[in-house]
Structure formats: C-alpha cells, structure tokens
Amino acid sequence: MVDKQRVIPLIVATALFMENMDSTVIATSLPAIAADIGTSPLTLKLAITSYLLSLAVFIPASGWTADRFGARMVFAIAVGVFMVGSVGCALSTSVTDFVFARILQGMGGAMMTPVGRLVLLRSVDKSALVNAMAWVTVPALIGPVIGPPLGGFITTYASWHWIFLINIPIGLLGIFMAMRFIDPIKSEEREPFDLYGMVLAGLGLAGIAFGLSVAGLNLLPWSTVAALVAGGAISMTLYVFHARRTGSPVLDFSLLNLPTLRAAVFGGFLFRLGIGALPFLLPLLMQIGFGLSPFHSGLVTFASSLGAMGMKTLAARIIRTFGFRNLMTVNAIVSAFFLGVCALFTVTTPLLIIMVILVVGGFFRSLEFTAINTVAYADVETAQMSRATTLVSVNQQLAVSAGVAVGAACVETTMWFNHVSEIDATVFAPAFVVVALTSAASSWFFWQMPSDAGHEISGRKAVEIASRKGAGKGAAKAAVKAASEDTQDVRDQRLG
C-alpha cells in the first residue's frame with residue numbers, strides 16, 4: 001500500500017512531465033521554428049493556442065471516458081496519442097501541419113492529465129492530498145527545468161525537429177508504468193454520455209477561444225473573427241440551459257456552489273491567465289528583445305522552474321501553518337508582484353539579477369498553484385470527482401490559452417501605439433504589467449473562501465484542536481497523523 005501511495009503520483013507525474021516539458025521547449029524554440037517554416041513568432045502562437053484549444057474541447061469527455069472504460073486503459077491510450085502528435089510536430093513543414101499535429105497532441109493531453117488526476121484523487125484520501133500533489137508535481141517540474149536549456153541547446157546546435165522526439169521514451173515509460181501499477185478503477189454507477197452537451201460545449205469553447213486568439217493577427221477577416229466569438233457565446237449559452245435539464249452534464253456548473261471549488265475556478269482562472277503568459281512572453285523578450293540565442297535564453301528562463309522545485313518540499317508545512325485562505329490571498333499578490341517586475345527588464349539588466357527574480361517568483365507561483373490544485377477538491381464528494389476534475393481541467397487550459405492570447409495582444413497593441421513594425425525589448429513591459437494585475441485580482445476570490453476552507457486537507461484543523469487543548473507541537477503532529485491513519489481502510493478499499 002505504501003508503495004502504491006508513492007508510485008501512483010509518480011505515474012501521473014509522467015504525463016505532467018511530458019506536457020510541461022513540451023510547452024516550455026516550444027516556447028523557447030518558437031522564433032527558430034517560425035523562421036524555419038516561414039512565418040512570424042506571433043503568428044505561430046496559433047500552434048500553442050491550437051494545442052490548448054484542443055485540450056479544452058476534448059477534456060469534457062475525459063471524466064465519463066475514464067468511468068466507462070477504466071482510467072488505466074484511457075490513460076495509456078492517451079499517452080500513445082500524445083506521442084503520435086509529437087512525431088507529427090517533428091515532421092511538420094508548414095504552419096498548417098504544425099497546428100494539426102499540435103491538435104492531435106491536445107487530444108491525447110485532454111485525456112492523460114485529467115484522468116491521471118482522477119486516479120490520484122480516487123486513490124489518496126483528502127487528508128493526504130497535499131503531500132500527494134507534491135509527489136505529483138516535483139517530478140513533473142523536472143520538465144520545465146530541463147526543457148528550456150535542452151530545447152535551446154538542440155535548437156541552437158542541432159535542429160528544432162528533435163525536441164519533440166524527447167517525448168517518445170518518456171511516453172513509453174509512462175504506458176508501461178500505467179499498465180503495471182494502476183488498478184483498473186471504474187465508476188460503480190455508469191452515467192449516460194451527454195453527447196449533445198459535449199457538442200455544444202466543444203463548439204462554444206472552440207469558437208470563443210479560437211476567435212479571441214486570432215483577433216489582431218490579420219489571419220482571418222474581422223467578420224469571421226466576430227462570427228466565431230458570437231457563435232461560441234451562443235453555443236455556450238445553449239449549453240448552460242441544457243446542463244440545467246440533464247442529470248449528467250459534461251460540464252457540471254452546479255459544483256460551483258461549493259465555495260472552495262468556486263474560488264479555485266474563478267480565482268485560479270485569473271491567476272493562471274497572468275502566469276500563463278510568462279512562458280510565451282519571456283523567451284520572446286530574451287531572444288528577440290535582448291538578442292540571446294535559444295540556448296542562452298533557456299538557461300535564463302529555466303530559473304523560474306528551479307524556484308518552483310524548491311518550494312515543493314515546504315508546501316504542506318506552509319499551507320498547514322497559514323491555512324488555504326490566508327496563504328492564497330496574500331501569495332497571489334506576491335506572485336503577481338514578481339511577475340510585474342519582469343516589465344523592468346532591459347538589455348542592460350544583469351542576467352544574474354533576472355535569474356534571481358525568476359527563481360524567487362517561481363517559488364511563490366508554484367506554492368499558489370499547489371494550493372489552488374488541492375483546495376479545489378476540498379468539499380467534493382467521491383461520486384462527483386470525475387465531474388470536478390473535468391471542470392477544473394477545462395478551466396485551467398482555457399486560462400493558459402487566454403494568457404497567451406492576452407500577452408500577444410498586449411505586445412501587438414503596444415507596437416501599434418508606438419508605430420513600430422518590428423518587435424523590440426520596449427514593447428514587452430506593458431504586457432507584463434497587464435498580466436501581473438490580472439493575476440493579482442485573483443486574491444479577491446480567494447479571500448471569499450471560508451476561513452476554515454480546506455482545513456481537513458491541510459491538517460490545520462487537527463493542529464488547531466490540539467493547540468486549543470494546550471497539547472503542544474508533538475501532540476499536534478500526532479493529531480495530523482491520526483487524522484490520516486483513520487482513513488486507511490477506506491483507501492485500501494478504493495484501491496482494491
């Protein structure tokens with residue numbers, strides 16, 4: 001049992017490793033890829049947006065698919081689809097080929113990450129969830145750490161095509177581990193698939209996200225862009241009415257009545273929107289604005305992920321000390337501050353100072369992500385987990401997609417306002433300010449949570465009870481340990 005408690009998070013981390021490294025490698029190598037296939041870096045953001053869009057469209061089916069066919073099989077197949085998409089990216093010779101390959105990758109990612117998270121939530125008790133999330137995230141953060149320098153090295157000294165082939169051995173390892181260690185977990189009650197709702201939600205998300213992402217790029221007429229956004233809005237409105245009449249909606253908005261999940265969705269969207277623009281803006285600033293090679297740019301930007309790794313060993317202790325609400329409210333502002341500091345970077349700013357700021361900022365951003373990802377499921381019942389993971393996953397991917405779109409739109413607007421036709425270092429500052437303010441606004445939603453939000457998950461409730469009894473630190477730790485051990489039998493039954 002102890003082995004599975006550790007192995008299952010590591011298996012889920014394999015999927016996160018692939019996705020995180022893939023996204024950071026592409027962000028670092030974006031200018032080189034754009035030059036090779038004959039387009040601009042801002043236009044090639046369609047490759048990033050199309051991947052995130054594909055995730056948002058297909059994630060709604062992930063919860064039902066895992067319940068119906070078993071999480072283990074769905075996870076393994078999804079990893080295989082992601083690998084095929086990676087090979088397609090490596091063989092692409094045009095923007096169209098690259099975008100279609102990224103969409104295929106998104107179809108695989110739409111299943112493997114949320115399904116892996118669902119396996120974790122059904123296998124680990126809530127009282128141990130913070131530590132389990134840390135087990136998942138630490139190996140996954142290796143991807144962003146080695147992604148930028150590795151991608152920059154390959155792009156600078158070999159060819160960008162090879163960066164996508166890194167996923168092949170990782171994917172094969174993930175498939176083997178999934179089939180070997182994950183139990184065939186299925187839902188006891190099989191619900192009918194909401195095909196009509198899936199179509200409405202998919203069209204709505206696709207129309208809105210894609211329409212906003214291409215606005216201002218002059219790729220499509222404004223009338224077409226407006227039609228995409230309007231059509232998506234109409235489709236999502238129809239879905240909302242449909243969801244109220246069905247008992248098994250693909251996106252269950254009734255879960256937003258839970259205060260912790262509501263804060264994680266709305267506050268998390270704003271926070272991720274700002275932070276999601278960083279991997280897109282920073283490599284462009286380093287390479288186009290400062291003239292660094294992709295390799296040297298990667299060595300600088302990897303500092304953010306290095307700071308994130310350093311936080312994971314302290315996450316559970318910090319959350320238990322301050323509580324979710326207090327920590328998330330204050331830390332959102334602190335994280336946004338370090339994001340906004342990037343607006344002050346100039347060509348003359350020493351790279352060492354830039355790296356220090358990115359390391360410290362990465363520490364606080366990763367702490368906020370861990371808290372958001374954990375508190376989202378604090379009040380969710382076991383029977384609702386698949387719907388909750390689906391809703392949260394769609395929200396996360398839309399937030400990152402919106403962050404890329406907002407970051408690019410800010411750069412384009414600044415260029416238009418300054419009457420310049422080429423990107424330079426001066427056009428990035430307003431973008432960093434805008435996304436930082438957006439991330440800071442998330443603190444209002446986190447403050448709306450109850451003061452004791454997530455205490456059962458963090459162990460803070462047990463600590464407070466022990467403290468009121470004057471038991472001291474030793475008894476407080478014993479109370480936290482007892483709270484976890486009391487549910488051992490339940491975990492055994494769920495894992496089989």
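These entries go through what I looked up, one topic at a time. The model is a predicted one.

**Entry 1: H12 and H13**

I started with helix H12, residues 278–289, and helix H13, residues 294–311. Their axes come within 9 Å and cross at roughly 140 degrees. I put the crossing of H12 and H13 down as right-handed.

Next I listed the residues that meet. From H12 they are Leu278, Leu282, Pro283, Met286 and Gln287. From H13 they are Pro294, Ser297, Val300, Thr301 and Ser304. Sorted by class, this contact of H12 with H13 has 6 nonpolar and 4 polar residues, with no charged ones.

**Entry 2: H5 and H17**

I then turned to helix H5, residues 95–123, and helix H17, residues 385–418. The axes of H5 and H17 come within 10 Å, and they cross at roughly 140 degrees. H5 and H17 are therefore oblique to each other. The crossing of H5 and H17 is right-handed.

On the H5 side I wrote down Pro114, Arg117, Leu118, Leu121 and Arg122. They meet Met385, Ser386, Thr389, Ser393 and Gln396 in H17. By class, the contact of H5 with H17 has 4 nonpolar, 4 polar and 2 charged residues.

**Entry 3: the salt bridge**

How many salt bridges does the count come to? It comes to 1 salt bridge. Side chains of opposite charge can pair when their charged atoms come close. Here the side chains are those of Asp252 and Arg387, at 3.0 Å from N to O.

I looked up where the two residues sit. Asp252 is in the loop between helix H10 (222–245) and helix H11 (259–276), while Arg387 is in helix H17. The pair links distant parts of the chain, as Asp252 and Arg387 are 135 residues apart.

Are Asp252 and Arg387 buried or exposed? I recorded both Asp252 and Arg387 as buried.

**Entry 4: Leu344**

Last, I picked Leu344, which lies in the loop between helix H15 (324–340) and helix H16 (351–375). The cut-off for exposed is over 50%.

I also checked Leu344 against Thr426. Leu344 and Thr426 are 82 residues apart in sequence. In space, Leu344 and Thr426 are 9.9 Å apart, C-alpha to C-alpha.

Methods
Residues numbered from 1 in each chain as written. Predicted model: local features only at pLDDT ≥ 70, side-chain atom pairs only at ≥ 80, totals over all residues. Heavy atoms only, no water. Axes fitted to C-alpha atoms, helices over the stretch in contact; angles between N-to-C directions. Helix = DSSP H or I, 4+ residues; strand = E, 2+ residues; numbered from the N terminus. Left-handed = near helix turned anticlockwise from the far one by under 90°. Contact = heavy atoms within 4.5 Å. Nonpolar A, V, L, I, M, F, W, Y, C, P; charged D, E, K, R; others polar. Parallel < 35°, antiparallel > 145°, perpendicular 65-115°, else oblique. Salt bridge = Lys/Arg side-chain N within 4 Å of Asp/Glu carboxyl O. Buried < 20%, exposed > 50% of the residue type's maximum accessible area, 1.4 Å probe, protein only.
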